[in-house]
Amino acid sequence: MRLADQAAVRAAAAAGPVVALFVLDDHRPAVASAPEPWRQGWAMGAAQRWWLHHALASLDADLRKRGGRLVLRRGRSTEIVPAIAADVGAEAVHCLGHIEPWARDDEEAVAARVKLEIHEGVLLVRPESVRTGTGGRYRIFTPWWRRMREQMPPARPAPAPAKMDFVADVTSDRLEDLKLLPTNPDWSGGFTVWQPGEAGAAARLEDFAGRAAAYDEARNMPSVEGTSRLSPHLAMGDISVATIWHAIADAVPVSAEPYLRELGWRDFAANILDLFPDHGEVPGREVFSKLAFLDDPEGLRAWQQGRTGYPIVDAGMRQLWAIGWMHNRVRMITASFLCKHLLIDWRHGERWFWDCLVDADLASNSLGWQWVMGSGVDSSPFNRVFAPVGQSAKFDAAAYIREWVPELRHVSESRIHAPWESGGVKGYPPPIIRHEAARARALEAYAAAR
Ligand SMILES: Cc1cc2nc3c(=O)[nH]c(=O)nc-3n(C[C@H](O)[C@H](O)[C@H](O)COP(=O)(O)OP(=O)(O)OC[C@H]3O[C@@H](n4cnc5c(N)ncnc54)[C@H](O)[C@@H]3O)c2cc1C
């Protein structure tokens, strides 16, 4: 979704006239090892489709400024890409390489029919390039980061090509025909906080660079805008991760490390997905396949709708619904609440996030859920059950709760984290389950699985 620091665009533009093609392809099957009922695959979720619509419009506008346009199609990329390449007599097809299993399969299928040039640019490093002293792969973040850091900084970002020529006369679907926007109802009213596309990403980066010195102190506080909120731009490719790396390292040379390390987590997630392509569907540790989760549709619905009676959980789930994004600290609290307090299978939560997040990313989402669950290869231990009340007070979430749970807008600082302890608040539900009882139940289920 960008022209700057985009090696495929650069290579294609240098080689001759181009067709800038986007294919909306919902064929993203689960891997063969995915168990029932988790085999439905990973077609792009609804929130991200909203983002995609606007990012495509922005990219098309940028191409038109250069005398071209974006060609849109819908269907199987493995058929459409070779067919258009044949029609226009293309010498080569250029793309950025992706690590999702379906993307790899499609790249292979296209490469069997046309000359396919796969360029780097989605990640900071190639996952398979980070190796232990004996040539193995890392499964734990810190040693991986230490080794990966040796390859940093990445190359300085390259500007968009100064000149591009275009192949005329390739027909395109209309953007509206892709039907990416929600209708009936249109739930995207709150999404106007975002500006999808390359210009929006650049503006957000510039704004964050001015605040980056405070990142380490502010990043865990949901009540303040302490993080960059660049994740949806990264997920969609509106901006390159190398561009972000250099902008922050230049803006705050002394204090950039905590932020650069978070960018490292994104690459680490890709490393884990590369090692375990079924990480979205299969727990990293065997014992979790035996855990007796509860079948509790009502609990799941209360969690999805932000009606659990725990203010920090409800604020997070409503923020997610309203703007398609949730603060990282609150992602951990809400995820832990679902799979430990409610003892509902983490994959239900992973799916809900997938549909609701504008930054949905298979590698980061599955890593986040498996980390919280305790089932991943590099995880928090299972008996770490986030205490929603303690976390809410510790990270000073009162203003955040007031913003997203209007029923609690007038509740005092001292009551807002656990309103039921002082008689409850009219119109706001009591807690769906008590913390101690929930914790004991989760630990028991884990002990039984073991
Ligand atoms: C249960 C759960 C699910 C998650 N699902 C996703 C997801 O689908 N997509 C996604 O991009 N992130 C996901 N994350 C990671 C993290 O919450 C978001 O990347 C972060 O909140 C994005 O906000 P930001 O851009 O302001 O982050 P910043 O704090 O500004 O960090 C900068 C960038 O670093 C990367 N990053 C930061 N933390 C992480 C992390 N823990 N794992 C991987 N990358 C990270 C992101 O690309 C982010 O944009 C998930 C975390 C959890 C606990």
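Trainee: How far is an oxygen atom of the ligand from an N or O atom in the side chain of Trp325?

Mentor: The model is predicted, so local features need pLDDT of at least 70 and side-chain atom pairs need 80 or more, while totals for chains, interfaces and linings take in all residues. Residues count from 1 along each chain as its sequence is written, and side-chain values use heavy atoms, without hydrogens or water. A polar contact is a pair of N or O atoms within 3.5 Å. For the Trp325 side chain and the ligand oxygen, the distance is 3.4 Å.

Trainee: How much of the accessible area that the ligand has on its own does the protein cover?

Mentor: Accessible areas come from the Shrake-Rupley method with a 1.4 Å probe. On its own, the ligand has 820 Å². The protein covers 94%.

Trainee: In which pocket does the ligand sit?

Mentor: On a 1 Å grid over the protein atoms alone, a pocket is an open set of points where a 1.4 Å probe fits, with protein on both sides within 12 Å along at least five of seven lines. A molecule sits there if more than half of its atoms lie within 2 Å of the grid points. For this ligand, that is the second largest pocket.

Trainee: Which element gives the largest share of the shell around the ligand?

Mentor: The shell holds 27 residues, and Tyr215 and Asn328 are among the closest; a residue belongs if a heavy atom lies within 4 Å of the ligand. Helices are DSSP runs (H or I, at least four residues), and strands are E runs of at least two. Contributors of two or more residues are α8, α10 (257-275), α13 (328-341) and α15 (362-373). The largest share, five residues, comes from α10.

Trainee: How many salt bridges does a search of the whole structure find?

Mentor: A salt bridge needs a side-chain nitrogen of Lys or Arg within 4 Å of a carboxyl oxygen of Asp or Glu. The search finds 26.

Trainee: How many residues apart in sequence are the parts that Asp25 and Arg76 tie together?

Mentor: Asp25 and Arg76 form a salt bridge, with the closest N and O atoms 2.6 Å apart. Asp25 is in the loop between β1 (20-24) and α2 (46-65), and Arg76 in the loop between β2 (70-74) and α3 (77-88), so the bridge ties parts separated by 51 residues.

Trainee: Is Arg49 buried or exposed?

Mentor: Arg49 meets Asp26 in a salt bridge at 2.7 Å, N to O. Buried means under 20% relative accessible area, exposed over 50%, partly exposed in between (1.4 Å probe, protein chains only). Asp26, at 31%, is partly exposed. Arg49 has 13%, so Arg49 is buried.

Trainee: Which residues are linked with Arg204 in a network of salt bridges?

Mentor: Arg204 forms a salt bridge with Glu225, the closest N and O atoms being 3.6 Å apart. Glu225 is in the loop between α7 (215-218) and α8 (231-236), and Arg204 in helix α6 (residues 198-209). Linked with Arg204 in the network are Asp207, Arg211 and Glu225.

Trainee: What separation do the C-alpha atoms of Leu3 and Pro159 have?

Mentor: Leu3 is in the segment before α1 (7-15). The residue is buried, at 5% relative accessible area. Leu3 and Pro159 are 156 residues apart along the chain, and their C-alpha atoms are separated by 7.9 Å.

Definitions and conventions
Polar contact = N/O pair within 3.5 Å; in protein donor to acceptor, adjacent residues only side chain to side chain. 1 Å grid on protein atoms, 1.4 Å probe; cavity = no way out; pocket = protein on both sides within 12 Å on 5 of 7 lines; lining within 4 Å.
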